[in-house]
Amino acid sequence: AAALAPYLDAWRADPVLFVSQAIKFPPGQTIEKWQAVFLRAVAAHDRVAVRSGHGVGKSTAIAWLIMWWLLCHHPAKAACTAPTSHQLEDVLWGEIALWHRRLAEPFRSMLSVKAERVEVVGAEDYCFAAARTARREQPEAFQGFHSQNMLFLGDEASGIPDIIFEGGEGSMTQVGAKTVL
């Protein structure tokens with residue numbers, strides 16, 4: 001956490017600044033304009049929805065968002081869901097793993113990416129992102145998430161059953177809790 005101290009206030013206020021300073025981009029790649037608008041919208045608003053086509057970089061922007069949330073908010077939890085385990089584990093978690101490898105040190109060492117969780121090292125119990133596939137028959141999978149900084153994230157949200165959102169509503173009672181679809 002001491003490594004973050006000089007950056008924290010500015011990064012917490014501006015996730016685009018976090019992405020541009022904490023991540024080493026491959027040559028020729030940068031933050032797309034719409035991704036910057038999206039990231040700043042999440043910082044400014046408690047409810048954000050994005051509608052777009054396939055292959056435009058949504059999963060990349062969500063991966064950046066999760067890393068920003070965990071590194072710049074303390075304590076912090078993110079409950080992440082998608083309609084299929086493929087979308088959640090292969091696509092989104094794969095994107096998180098890719099961009100985690102591109103995080104500059106010491107920030108890369110501050111996060112641990114596991115099969116269904118991304119954890120802040122040393123704060124694993126109260127600073128993490130958890131992956132839960134949206135299953136109509138298990139809406140309770142999203143109950144019980146609470147944190148001073150809570151993020152509920154639905155990837156490919158149009159395919160997520162409404163009952164999942166109802167199950168997660170109790171986690172969003174804290175002031176400043178954010179829902180991103």
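Colleague: Which residues in α2 meet which residues in α4?

Modeller: Pro-15, Phe-18 and Val-19 in α2 meet Trp-64, Met-67, Trp-68, Leu-71 and Cys-72 in α4. Contact means heavy atoms within 4.5 Å. This is a predicted model, where local features need pLDDT of at least 70, side-chain atom pairs count only at pLDDT 80 or more, and totals for chains, interfaces and linings use all residues. Residues are numbered from 1 along each chain as its sequence is written, and side-chain values use heavy atoms, with hydrogens and water left out.

Colleague: What is the make-up of the contact of α2 with α4 by class?

Modeller: The contact of α2 with α4 has 8 nonpolar residues, no polar and no charged ones. Nonpolar covers Ala, Val, Leu, Ile, Met, Phe, Trp, Tyr, Cys and Pro; charged covers Asp, Glu, Lys and Arg; the others, Gly among them, are polar.

Colleague: Why are α2 and α4 called roughly perpendicular?

Modeller: Their axes come within 10 Å and cross at roughly 95°. Axes are lines fitted to C-alpha atoms, for helices over the stretch in contact, and angles run from 0 to 180 degrees between N-to-C directions. Under 35 degrees is roughly parallel, over 145 roughly antiparallel, 65 to 115 roughly perpendicular, and the rest oblique. Therefore α2 and α4 count as roughly perpendicular.

Colleague: How many helices and strands are there?

Modeller: The protein has 6 helices and 7 strands. Helices (H or I, at least four residues) and strands (E, at least two) are DSSP runs, numbered from the N terminus. Along the sequence the pattern reads α-α-α-β-α-β-α-β-β-β-β-α-β.

Colleague: What makes Phe-25 and Trp-64 an edge-to-face pair?

Modeller: The ring centres of Phe-25 and Trp-64 are 5.7 Å apart, with the planes at 70°. Rings of Phe, Tyr and Trp (its six-membered ring) pair if their centres lie within 6.5 Å; planes under 30 degrees apart count as stacked, over 60 as edge-to-face and the rest as tilted. So this pair is edge-to-face. Phe-25 is in the loop between α2 (15-22) and α3 (33-44), Trp-64 in helix α4 (residues 58-72), and the two are 39 residues apart.

Colleague: Why is Phe-25 called partly exposed, and why is Trp-64 called buried?

Modeller: Buried means under 20% relative accessible area, exposed over 50%, partly exposed in between (1.4 Å probe, protein chains only). Phe-25 has 22%, so it counts as partly exposed. Trp-64 has 1%, so Trp-64 is buried. Across the protein, buried residues make up 48% of the 181 residues.

Colleague: How many aromatic pairs does the structure hold?

Modeller: It holds 9 aromatic pairs. One of them joins Trp-11 and Phe-107, edge-to-face, at 5.1 Å centre to centre and 65° between the planes. Trp-11 is in helix α1 (residues 8-13), while Phe-107 is in the loop between α5 (85-101) and β3 (111-113), 96 residues apart. Both Trp-11 and Phe-107 are buried. Ring pairs also link Tyr-7, Trp-11, Phe-18 and Phe-107 into a cluster.

Colleague: Where does the charged end of Arg-102 sit?

Modeller: Over the ring of Trp-99, 4.8 Å from its centre. The test asks for NZ of Lys or CZ of Arg within 6 Å of the ring centre and within 35 degrees of the ring normal. Arg-117 lies over the face of Phe-128, at 3.8 Å from the ring centre.

Colleague: Why does His-100 count as buried?

Modeller: Its relative accessible area is 12%, so His-100 is on the buried side of the cut-off. His-100 is in helix α5. Not counting residues up to four places away in sequence, His-100 touches Met-67, Arg-108, Leu-111 and Val-113.

Colleague: What makes Ser-59 buried, and Arg-40 partly exposed?

Modeller: Ser-59 has 14% relative accessibility, so Ser-59 counts as buried. Ser-59 lies in helix α4. Arg-40 has 41%, so Arg-40 is partly exposed. Arg-40 lies in helix α3. Leaving out residues up to four places away in sequence, Arg-40 touches Asp-14, Pro-15 and Val-16.

Colleague: Which peptide bond into Pro-75 is cis?

Modeller: The bond from His-74 to Pro-75 is cis, with omega near -10°. Pro-75 is in the loop between α4 and β2 (76-82). Another cis peptide bond joins Glu-105 and Pro-106, with omega about 10°. Pro-106 is in the loop between α5 and β3.
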